[in-house]
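Hello,

Here is the structure we spoke about, followed by notes on what was found in it. Please read the notes with the model open.

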Amino acid sequence: MVTSTVEIRLSPAVNVSVSDDTLSVDLADGRTLSVPLEWFPRLTHATIDERSAWQISGNGDGIRWDGLDEDVSIEGLLAGRPSGETQASLKRWLGGRHQS
């Protein structure tokens with residue numbers, strides 16, 4: 001049996017947009033990655049202003065939303081990996097958002 005491996009070529013993020021149902025990341029090499037927003041529950045529950053408050057982290061290898069305590073890696077997006085957040089963690093985070 002022959003097994004082949006796929007080499008994932010990373011390119012830095014240069015821009016991010018978040019719609020009601022999609023997270024899109026433009027890469028420096030011209031590719032655009034688009035994934036379902038539901039992969040990232042904190043972004044799904046965020047306001048438009050919170051979704052817009054992103055920063056490119058590292059050398060473009062990720063995106064950070066400080067106000068949401070959310071990090072998304074370019075490598076994870078390329079590999080098709082959604083958020084690894086547990087339901088218990090999300091529930092705690094949501095509970096904290098409703099407290100004043």
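**Salt bridges and sheets**

Aspartate 20 is exposed, its relative accessible area being 67%; here buried means under 20% relative accessible area, exposed over 50%, and partly exposed in between, with a 1.4 Å probe and protein chains only. This is a predicted model, in which local features need pLDDT of at least 70 and side-chain atom pairs count only at pLDDT 80 or more, while totals for chains, interfaces and linings use all residues. Residues are numbered from 1 along each chain as its sequence is written, and side-chain values use heavy atoms, with hydrogens and water left out.

The side chain of aspartate 20 meets that of arginine 51 in a salt bridge, at 3.6 Å from N to O. A salt bridge is a side-chain nitrogen of Lys or Arg within 4 Å of a carboxyl oxygen of Asp or Glu. Aspartate 20 sits in the loop between S1 and S2 and arginine 51 in helix H2, so the pair ties together parts that are 31 residues apart in sequence. Helices (H or I, at least four residues) and strands (E, at least two) are DSSP runs, numbered from the N terminus.

Arginine 51, in helix H2 (residues 48-52), is buried at 9% relative accessible area. A polar atom of its side chain lies 3.0 Å from the backbone oxygen of threonine 44. Neighbours within four places in sequence aside, arginine 51 is in contact (heavy atoms within 4.5 Å) with Val18, Ser19, Asp20, Leu37, Leu43, Thr44, Ala46 and Trp65.

The whole structure holds 8 salt bridges. In one of them, glutamate 85 pairs with arginine 42, with the closest N and O atoms 2.7 Å apart. Glutamate 85 lies in the loop between helix H3 (74-79) and helix H4 (87-97) and arginine 42 in helix H1 (residues 41-44), so this pair ties together parts that are 43 residues apart in sequence. Arginine 42 is buried, with a relative accessible area of 9%, whereas glutamate 85 is partly exposed at 21%.

Another salt bridge joins arginine 64 and aspartate 66, whose closest N and O atoms are 2.9 Å apart. Arginine 64 counts as buried at 18% relative accessibility, and aspartate 66 is partly exposed at 48%. Through shared partners, salt bridges join Arg42, Arg64, Asp66, Asp69, Asp71 and Glu85 into one network.

Now the sheets. Two strands pair if DSSP finds at least two bridges between them. Strand S2 (residues 22-27) is joined to S3 by 5 bridges, and valine 25 has leucine 33 in S3 as its bridge partner.

A further open sheet of 3 strands runs in the order S4-S5-S6, also with antiparallel pairing. Strand S4 (55-57) and strand S6 (70-73) stand at its edges with a single partner strand each, so one side of each is left without a neighbour in the sheet. The twist here averages 30° from one strand to the next. S4 and strand S5 (residues 62-65) are joined by 3 bridges, and the bridge partner of serine 57 in S5 is glycine 62.

Regards

Methods. Polar contact = N/O pair within 3.5 Å; in protein donor to acceptor, adjacent residues only side chain to side chain. Axes fitted to C-alpha atoms, helices over the stretch in contact; angles between N-to-C directions.
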